[in-house]
Amino acid sequence: MTAPPEGATTATTTGFVEVADRVFVARYRQWDVNVGLVLGRHGAVVIDTRASDVEGSQVLDDVRRLGRDIEVRHVVNTHVHFDHTFGNAAFDLATVHAHDNVGRTIEEDAQRIKAAFRADPGAGPEHGYTERDAAEVMATVVRAPDRTFGSNATIDLGDRVVTMTYAGRGHTDGDVAVLVPDTDAMFLGDLVEESAQPSFGSDCWPLEWADTLTSHLVQAADRIVVVPGHGRPVDGAFVARQRDEIAAVAAVIRERRLGAGSLEEALREPDPRLPYPLDHLGAAIRRGWDHLTPPAP
(Lines give C-alpha, C1' and ligand atoms only; values in the text may rest on other atoms or scores of the structure.)
Protein backbone atom coordinates (compact mmCIF):
# COMPACT_ATOMS: atom_id res chain seq x y z
CA MET A 1 0.00 0.00 0.00
CA THR A 2 1.62 3.20 -1.14
CA ALA A 3 0.34 6.69 -0.57
CA PRO A 4 -0.60 8.52 -3.77
CA PRO A 5 1.90 11.18 -4.75
CA GLU A 6 0.99 14.83 -4.73
CA GLY A 7 -1.31 15.60 -7.63
CA ALA A 8 -2.37 11.98 -8.17
CA THR A 9 -5.96 11.20 -9.06
CA THR A 10 -8.17 9.65 -6.39
CA ALA A 11 -11.25 7.47 -6.59
CA THR A 12 -14.36 9.57 -7.18
CA THR A 13 -16.84 7.01 -8.50
CA THR A 14 -18.47 3.83 -7.33
CA GLY A 15 -20.60 1.44 -9.26
CA PHE A 16 -19.84 -0.15 -12.60
CA VAL A 17 -19.14 1.86 -15.75
CA GLU A 18 -19.03 0.17 -19.15
CA VAL A 19 -15.64 0.61 -20.81
CA ALA A 20 -16.06 -1.90 -23.66
CA ASP A 21 -18.84 -4.17 -24.92
CA ARG A 22 -20.28 -5.75 -21.73
CA VAL A 23 -17.03 -5.04 -19.90
CA PHE A 24 -17.33 -2.84 -16.81
CA VAL A 25 -15.07 -1.26 -14.19
CA ALA A 26 -15.96 -0.02 -10.72
CA ARG A 27 -13.48 2.11 -8.81
CA TYR A 28 -13.79 2.14 -5.03
CA ARG A 29 -12.60 4.66 -2.48
CA GLN A 30 -10.99 2.18 -0.09
CA TRP A 31 -7.44 1.62 -1.37
CA ASP A 32 -8.59 3.23 -4.65
CA VAL A 33 -9.02 -0.24 -6.09
CA ASN A 34 -10.61 -1.31 -9.38
CA VAL A 35 -12.98 -4.22 -9.85
CA GLY A 36 -13.79 -5.58 -13.29
CA LEU A 37 -16.93 -7.26 -14.58
CA VAL A 38 -17.38 -9.18 -17.84
CA LEU A 39 -20.84 -10.32 -18.91
CA GLY A 40 -21.57 -13.27 -21.16
CA ARG A 41 -24.43 -15.56 -22.13
CA HIS A 42 -23.47 -18.06 -19.44
CA GLY A 43 -22.94 -15.74 -16.50
CA ALA A 44 -20.40 -13.15 -15.46
CA VAL A 45 -16.78 -12.89 -14.37
CA VAL A 46 -15.70 -10.52 -11.59
CA ILE A 47 -12.05 -9.46 -11.67
CA ASP A 48 -10.73 -8.81 -8.14
CA THR A 49 -13.02 -8.56 -5.14
CA ARG A 50 -11.78 -5.78 -2.81
CA ALA A 51 -10.45 -6.00 0.74
CA SER A 52 -13.04 -7.78 2.92
CA ASP A 53 -16.13 -9.95 2.82
CA VAL A 54 -18.19 -6.81 3.47
CA GLU A 55 -16.62 -4.99 0.52
CA GLY A 56 -17.09 -8.08 -1.65
CA SER A 57 -20.80 -8.05 -0.80
CA GLN A 58 -20.93 -4.40 -1.86
CA VAL A 59 -19.47 -5.43 -5.23
CA LEU A 60 -22.26 -7.98 -5.61
CA ASP A 61 -24.80 -5.29 -4.79
CA ASP A 62 -23.33 -3.08 -7.52
CA VAL A 63 -23.50 -5.99 -9.98
CA ARG A 64 -27.18 -6.51 -9.15
CA ARG A 65 -27.87 -2.84 -9.86
CA LEU A 66 -26.88 -3.55 -13.46
CA GLY A 67 -29.39 -6.40 -13.65
CA ARG A 68 -30.98 -8.69 -11.09
CA ASP A 69 -30.53 -11.64 -13.46
CA ILE A 70 -26.72 -11.35 -13.64
CA GLU A 71 -25.14 -14.47 -12.18
CA VAL A 72 -21.51 -14.18 -11.13
CA ARG A 73 -20.15 -17.63 -11.86
CA HIS A 74 -16.44 -16.84 -11.84
CA VAL A 75 -13.98 -14.63 -9.98
CA VAL A 76 -10.41 -13.92 -11.08
CA ASN A 77 -7.78 -12.65 -8.65
CA THR A 78 -5.08 -10.72 -10.52
CA HIS A 79 -2.63 -11.33 -7.64
CA VAL A 80 -2.47 -12.27 -3.97
CA HIS A 81 -2.81 -8.95 -2.13
CA PHE A 82 -5.68 -8.49 0.28
CA ASP A 83 -7.29 -5.50 -1.45
CA HIS A 84 -7.87 -7.75 -4.48
CA THR A 85 -8.69 -11.07 -2.79
CA PHE A 86 -10.34 -10.77 0.63
CA GLY A 87 -13.71 -10.07 -1.00
CA ASN A 88 -13.65 -13.62 -2.43
CA ALA A 89 -15.54 -14.72 0.67
CA ALA A 90 -18.70 -12.98 -0.57
CA PHE A 91 -18.81 -14.93 -3.85
CA ASP A 92 -19.84 -18.28 -2.47
CA LEU A 93 -21.57 -19.37 -5.70
CA ALA A 94 -18.59 -18.54 -7.94
CA THR A 95 -15.42 -20.41 -8.86
CA VAL A 96 -12.32 -18.39 -7.91
CA HIS A 97 -9.40 -18.53 -10.38
CA ALA A 98 -5.81 -17.37 -9.78
CA HIS A 99 -2.22 -18.23 -10.54
CA ASP A 100 -0.63 -21.21 -8.80
CA ASN A 101 1.52 -18.88 -6.68
CA VAL A 102 -1.57 -17.14 -5.31
CA GLY A 103 -2.94 -20.47 -4.14
CA ARG A 104 0.41 -21.26 -2.56
CA THR A 105 0.88 -17.96 -0.69
CA ILE A 106 -2.57 -16.50 0.04
CA GLU A 107 -2.84 -17.82 3.61
CA GLU A 108 0.64 -16.60 4.55
CA ASP A 109 0.06 -13.23 2.92
CA ALA A 110 -3.28 -12.88 4.70
CA GLN A 111 -1.60 -13.50 8.05
CA ARG A 112 1.01 -10.88 7.20
CA ILE A 113 -1.51 -8.17 6.35
CA LYS A 114 -3.79 -8.95 9.28
CA ALA A 115 -0.81 -8.68 11.62
CA ALA A 116 0.00 -5.29 10.10
CA PHE A 117 -3.55 -4.07 10.74
CA ARG A 118 -3.55 -5.43 14.29
CA ALA A 119 -0.38 -3.45 14.92
CA ASP A 120 -1.96 -0.30 13.46
CA PRO A 121 -5.77 -0.62 13.36
CA GLY A 122 -6.43 3.06 12.81
CA ALA A 123 -7.80 4.76 9.73
CA GLY A 124 -5.66 5.40 6.67
CA PRO A 125 -7.16 8.47 5.00
CA GLU A 126 -4.33 8.58 2.46
CA HIS A 127 -5.56 5.16 1.30
CA GLY A 128 -9.27 5.94 1.68
CA TYR A 129 -10.07 3.51 4.48
CA THR A 130 -11.58 3.95 7.95
CA GLU A 131 -11.08 2.13 11.23
CA ARG A 132 -14.21 0.13 10.42
CA ASP A 133 -12.75 -0.90 7.06
CA ALA A 134 -9.57 -2.07 8.82
CA ALA A 135 -11.63 -4.07 11.33
CA GLU A 136 -13.52 -5.72 8.48
CA VAL A 137 -10.23 -6.73 6.85
CA MET A 138 -9.09 -8.38 10.07
CA ALA A 139 -12.45 -10.16 10.54
CA THR A 140 -12.60 -11.64 7.03
CA VAL A 141 -12.15 -15.40 6.70
CA VAL A 142 -9.90 -15.66 3.67
CA ARG A 143 -11.08 -17.79 0.77
CA ALA A 144 -8.34 -19.29 -1.35
CA PRO A 145 -8.71 -19.89 -5.10
CA ASP A 146 -10.68 -22.93 -6.22
CA ARG A 147 -8.75 -23.32 -9.48
CA THR A 148 -5.19 -22.28 -10.16
CA PHE A 149 -3.05 -22.42 -13.28
CA GLY A 150 0.58 -22.07 -14.30
CA SER A 151 0.76 -20.19 -17.59
CA ASN A 152 -2.72 -19.54 -18.97
CA ALA A 153 -6.36 -20.51 -18.57
CA THR A 154 -9.71 -19.68 -20.16
CA ILE A 155 -13.22 -19.09 -18.86
CA ASP A 156 -16.01 -19.89 -21.33
CA LEU A 157 -19.05 -17.63 -21.01
CA GLY A 158 -20.88 -19.18 -23.95
CA ASP A 159 -20.77 -16.35 -26.46
CA ARG A 160 -17.31 -15.13 -25.44
CA VAL A 161 -14.24 -16.18 -23.47
CA VAL A 162 -12.08 -14.53 -20.84
CA THR A 163 -8.39 -15.45 -20.85
CA MET A 164 -5.89 -15.32 -18.00
CA THR A 165 -2.17 -15.17 -18.74
CA TYR A 166 0.90 -15.40 -16.54
CA ALA A 167 4.05 -13.92 -18.09
CA GLY A 168 6.41 -13.82 -15.12
CA ARG A 169 7.04 -12.10 -11.81
CA GLY A 170 6.67 -8.39 -11.17
CA HIS A 171 4.53 -6.68 -8.53
CA THR A 172 4.31 -10.17 -6.97
CA ASP A 173 5.16 -13.67 -8.12
CA GLY A 174 1.56 -14.37 -9.20
CA ASP A 175 0.38 -11.42 -11.31
CA VAL A 176 -1.88 -12.31 -14.22
CA ALA A 177 -3.34 -10.37 -17.11
CA VAL A 178 -7.03 -10.82 -17.89
CA LEU A 179 -8.09 -10.29 -21.49
CA VAL A 180 -11.48 -10.15 -23.17
CA PRO A 181 -10.35 -11.05 -26.70
CA ASP A 182 -13.48 -9.90 -28.54
CA THR A 183 -13.09 -6.36 -27.16
CA ASP A 184 -10.35 -3.78 -26.66
CA ALA A 185 -10.30 -4.38 -22.88
CA MET A 186 -7.52 -5.84 -20.78
CA PHE A 187 -6.97 -5.97 -17.00
CA LEU A 188 -3.39 -5.88 -15.65
CA GLY A 189 -3.93 -5.67 -11.89
CA ASP A 190 -1.08 -4.03 -10.02
CA LEU A 191 1.45 -4.70 -12.74
CA VAL A 192 0.33 -1.18 -13.71
CA GLU A 193 -0.99 1.67 -11.58
CA GLU A 194 -2.40 4.99 -12.71
CA SER A 195 -3.25 6.83 -9.49
CA ALA A 196 0.17 6.26 -7.92
CA GLN A 197 3.57 5.01 -8.91
CA PRO A 198 4.02 1.23 -9.22
CA SER A 199 3.94 -0.40 -5.80
CA PHE A 200 7.33 -1.92 -4.99
CA GLY A 201 6.49 -3.94 -1.89
CA SER A 202 8.29 -6.53 0.17
CA ASP A 203 7.25 -9.28 -2.27
CA CYS A 204 8.05 -7.51 -5.56
CA TRP A 205 10.48 -8.68 -8.25
CA PRO A 206 11.91 -5.39 -9.55
CA LEU A 207 14.51 -6.94 -11.84
CA GLU A 208 11.92 -9.04 -13.70
CA TRP A 209 8.91 -6.73 -13.69
CA ALA A 210 9.71 -4.84 -16.90
CA ASP A 211 10.23 -8.07 -18.84
CA THR A 212 6.87 -9.35 -17.61
CA LEU A 213 5.18 -6.18 -18.84
CA THR A 214 6.98 -6.48 -22.17
CA SER A 215 5.40 -9.91 -22.63
CA HIS A 216 1.95 -8.55 -21.83
CA LEU A 217 2.49 -5.58 -24.14
CA VAL A 218 2.22 -7.96 -27.08
CA GLN A 219 -1.49 -8.03 -26.24
CA ALA A 220 -1.80 -4.61 -24.59
CA ALA A 221 -0.19 -2.52 -27.33
CA ASP A 222 -3.34 -2.38 -29.43
CA ARG A 223 -5.79 -2.19 -26.55
CA ILE A 224 -7.80 0.99 -26.17
CA VAL A 225 -8.71 0.19 -22.56
CA VAL A 226 -6.16 -1.25 -20.12
CA VAL A 227 -7.49 -1.36 -16.57
CA PRO A 228 -4.83 -0.97 -13.85
CA GLY A 229 -5.24 -2.26 -10.33
CA HIS A 230 -5.65 1.31 -9.08
CA GLY A 231 -6.70 4.44 -10.91
CA ARG A 232 -8.29 5.31 -14.22
CA PRO A 233 -8.18 3.04 -17.28
CA VAL A 234 -5.18 3.69 -19.52
CA ASP A 235 -3.96 2.53 -22.91
CA GLY A 236 -1.09 0.46 -24.24
CA ALA A 237 1.14 3.52 -24.59
CA PHE A 238 0.77 4.25 -20.87
CA VAL A 239 1.73 0.65 -20.08
CA ALA A 240 4.82 0.95 -22.28
CA ARG A 241 5.91 4.17 -20.53
CA GLN A 242 5.49 2.65 -17.08
CA ARG A 243 7.35 -0.45 -18.23
CA ASP A 244 10.26 1.77 -19.29
CA GLU A 245 10.24 3.51 -15.90
CA ILE A 246 10.33 0.19 -14.07
CA ALA A 247 13.19 -0.92 -16.35
CA ALA A 248 15.10 2.22 -15.37
CA VAL A 249 14.70 1.35 -11.69
CA ALA A 250 16.00 -2.16 -12.39
CA ALA A 251 18.99 -0.82 -14.33
CA VAL A 252 20.05 1.42 -11.44
CA ILE A 253 19.66 -1.42 -8.93
CA ARG A 254 21.77 -3.75 -11.06
CA GLU A 255 24.47 -1.13 -11.56
CA ARG A 256 24.68 -0.38 -7.84
CA ARG A 257 24.61 -4.02 -6.79
CA LEU A 258 27.33 -5.04 -9.23
CA GLY A 259 29.46 -2.02 -8.34
CA ALA A 260 31.59 -1.41 -5.30
CA GLY A 261 29.01 0.42 -3.21
CA SER A 262 27.07 -0.89 -0.24
CA LEU A 263 23.34 -1.42 0.16
CA GLU A 264 23.21 1.52 2.57
CA GLU A 265 24.77 3.79 -0.08
CA ALA A 266 22.34 2.50 -2.69
CA LEU A 267 19.40 3.35 -0.45
CA ARG A 268 20.48 6.96 0.12
CA GLU A 269 22.30 8.08 -3.02
CA PRO A 270 20.02 9.89 -5.54
CA ASP A 271 20.22 9.17 -9.25
CA PRO A 272 18.65 11.34 -11.98
CA ARG A 273 17.73 8.20 -13.92
CA LEU A 274 15.29 7.09 -11.24
CA PRO A 275 11.74 8.04 -12.27
CA TYR A 276 10.34 7.77 -8.72
CA PRO A 277 11.42 9.25 -5.38
CA LEU A 278 14.27 7.32 -3.80
CA ASP A 279 12.46 7.05 -0.47
CA HIS A 280 9.68 5.09 -2.24
CA LEU A 281 12.13 2.56 -3.67
CA GLY A 282 13.63 1.08 -0.52
CA ALA A 283 11.87 -2.27 -0.87
CA ALA A 284 12.73 -2.46 -4.58
CA ILE A 285 16.42 -1.83 -3.91
CA ARG A 286 16.56 -4.33 -1.05
CA ARG A 287 14.72 -6.97 -3.07
CA GLY A 288 16.92 -6.45 -6.11
CA TRP A 289 20.01 -6.56 -3.91
CA ASP A 290 18.93 -9.93 -2.53
CA HIS A 291 18.05 -11.31 -5.96
CA LEU A 292 21.52 -10.46 -7.26
CA THR A 293 23.36 -11.91 -4.27
CA PRO A 294 25.42 -14.94 -5.38
CA PRO A 295 24.28 -18.19 -3.77
CA ALA A 296 26.34 -19.46 -0.88
CA PRO A 297 28.94 -22.09 -1.91
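**Figure 1. Ring pairs link five aromatic residues into a cluster.** The members are Trp 31, Phe 82, Phe 86, Phe 117 and Tyr 129. The model shown here is predicted. A search of the whole structure finds eight aromatic pairs. Phe 82 and Phe 117 form one of them, and this pair is edge-to-face. Their ring centres are 5.6 Å apart, with 75° between the planes. Phe 82 belongs to helix α2 (residues 82–85) and Phe 117 to helix α3, so the pair ties together parts that are 35 residues apart in sequence. Phe 82 has a relative accessibility of 3%, which is under 20%, so Phe 82 counts as buried. Phe 117 is also buried, with a relative accessible area of 1%.

**Figure 2. Trp 31 and Asp 32 lie in the loop between β2 and β3.** Strand β2 covers residues 23–28, and β3 covers 33–40. Most residues other than glycine have a negative phi. Trp 31 is not a glycine, yet its phi is positive, at about 60°. Asp 32 is not a glycine either, and its phi is positive too, at about 45°. Trp 31 counts as buried, at 5% relative accessibility. Asp 32 counts as buried as well, at 12%. Trp 31 is also one of the residues in the aromatic cluster.

**Figure 3. Two arginines sit over aromatic rings.** Arg 50 lies over the face of Tyr 28, at 3.8 Å from the ring centre. Arg 287 places its charged end over the ring of Trp 205. Here the distance to the ring centre is 4.9 Å. Both Trp 205 and Arg 287 also line the second largest pocket.

**Figure 4. The second largest pocket has a volume of about 210 Å³.** Its lining includes Val 80, Thr 105, Glu 108, Asp 109 and Arg 112. Thr 172, Asp 173, Ser 202 and Asp 203 are also among the lining residues, as are Trp 205 and Arg 287. Helix α3 gives the most to this lining, with four residues.

**Figure 5. Asp 100 lies in helix α3.** The helix runs over residues 100–119. Asp 100 has a relative accessible area of 35% and is therefore partly exposed, a class that lies between 20% and 50%. Leaving out residues up to four places away in sequence, Asp 100 touches Thr 148, Phe 149 and Gly 150. Gln 58 is 42 residues from Asp 100 in sequence. In space, the two are 27 Å apart, C-alpha to C-alpha.

**Figure 6. One cavity of 30 Å³ or more is found in a search of the whole structure.** The largest cavity holds about 60 Å³ of space. Asn 34, Val 35, Gly 36, Ile 47, Asp 48 and Thr 78 are among the residues that line the largest cavity. Its lining also includes Phe 187, Gly 189, Val 227, Pro 228 and Gly 229. Strands β3, β11 (185–189) and β12 (225–228) each supply at least two lining residues. Strand β3 gives the most, with three. The lining divides into five nonpolar residues, five polar and one charged.

Notes
Residues numbered from 1 in each chain as written. Predicted model: local features only at pLDDT ≥ 70, side-chain atom pairs only at ≥ 80, totals over all residues. Heavy atoms only, no water. 1 Å grid on protein atoms, 1.4 Å probe; cavity = no way out; pocket = protein on both sides within 12 Å on 5 of 7 lines; lining within 4 Å. Points joined across faces, edges and corners; volume = space filled by probe spheres on them. Nonpolar A, V, L, I, M, F, W, Y, C, P; charged D, E, K, R; others polar. Buried < 20%, exposed > 50% of the residue type's maximum accessible area, 1.4 Å probe, protein only. Contact = heavy atoms within 4.5 Å. Phe/Tyr/Trp six-rings, centres within 6.5 Å; stacked < 30°, edge-to-face > 60°. Lys NZ or Arg CZ within 6 Å of the ring centre and 35° of its normal.
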